[in-house]
Amino acid sequence: MTDRFLRDLPKVQLHCHLEGTLQPATFIDLARKHGVALTYRRGEAAPQSVPATPDPARVYDFATFNDFLMTFAAVSRSLATPEDYRRLAYEYVEDALSQNVVRSELFVSPSVWQFFHPDIDVRACVRAMRGEFDRVRDRLIIALIFDVTRNFGVERAMATAVQAADLQDLGVIGIGLGGDEAKFPAELFEDVFAFAAEQGLYRVAHAGEAAGAQSVQRAVELLGAQRIGHGLRAIDDPNVVDLLARARIPLEVCPTSNMRTGVAKRDEPHALVELDRRGCIVTIDADDPALFRTSITDEYAYVEGVTSRETLLRFVRNAIDAAFADQSQKAALHSRLEAYLTHVRT
């Protein structure tokens, strides 16, 4: 009954990279279709073929955070055409509906697409995905956030922000900031985020994942980030925790991702518990669920196990309040959640 309760619980998904939902078998199929390898290493000439019998259970094996990033790169390289992105969107939609996700604000990374495929038509890819998203809009509302990748530099980041502004007609609602926090700090991207704000785009930043609490502080104070992806290392500085709590900046926490990349230790209490206790707005998500072999339902089960159902439901409500939706849409989401809870109690 617990598994069924969590599966059927209406969910708002705020931190999920669409490319990271690509199922292993589909990844293998697309890599074979485009003649690219299942692995990627910077500066290395990758073999242009796929093993005859690759093991879907092993293609997403990685040991370190850097290995994970290279796996994500290999996945992104296998997505080369609008039809590939339509297929990716279709598979995401079917999986999300099976878990009763009712609203998603998904990250996508056009700068990575263009790194591997310079001639790719970004609008055509987004249009192909939008066709699949709109097919189920009576059950699931999906918006897109364009992730600007720190490692590609400021010029490329601004170009991605311009693309996001130009594609608002296809449901692009914001920009995010991902990549190497330590080497590419927030202050480099102040103009990019200022431009996004001028264009009416929402702003999110990954911070406090692979760098410390000051990365979180800079994302809030310099970039005007309205949500923080991960943010766990904020716990290292009480002043930063107080800033998040006072400014009511939601944290998009992804427990399995945090543990598999070493941001959180499996044998220690997860920082989300303390962040919640100290007044921060915590939401729960799955990051790259296929790559991390998890799901948003699995993440809910983990959080319920280390906290309580009452705490989990607070996080679920937090996600509704943190969504980039208007008040009437949020009210409808809250009503849907409360109707479900009333139903299971009777």
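**Exercises on cavities and pockets**

The largest cavity has a volume of about 40 Å³. The model is predicted: local features need pLDDT of at least 70, side-chain atom pairs count only at pLDDT 80 or more, and totals for chains, interfaces and linings use all residues. Residues are numbered from 1 along each chain as its sequence is written, and side-chain values use heavy atoms, without hydrogens and water.

**Exercise 1.** Describe the lining of the largest cavity.

*Solution.* Step 1: on a 1 Å grid over the protein atoms alone, a cavity is a set of points where a 1.4 Å probe fits but cannot get out, and lining residues have an atom within 4 Å of a point. The volume is the space filled by probe spheres set on the points, which are joined across faces, edges and corners.

Step 2: the lining residues include Pro10, Val102, Ile320 and Arg336.

Step 3: helix H15 (327-345) is among the elements that give two or more residues, and H15 gives the most, with three residues. Helices (H or I, at least four residues) and strands (E, at least two) are DSSP runs, numbered from the N terminus.

Step 4: the lining has seven nonpolar, no polar and two charged residues. Asp, Glu, Lys and Arg count as charged, Ala, Val, Leu, Ile, Met, Phe, Trp, Tyr, Cys and Pro as nonpolar, and the others, Gly among them, as polar.

**Exercise 2.** Determine which helix supplies the largest share of the lining of the largest pocket.

*Solution.* Step 1: a pocket is an open set with protein on both sides within 12 Å along at least five of seven lines; the largest has a volume of about 700 Å³.

Step 2: the largest share, seven residues, comes from H3.
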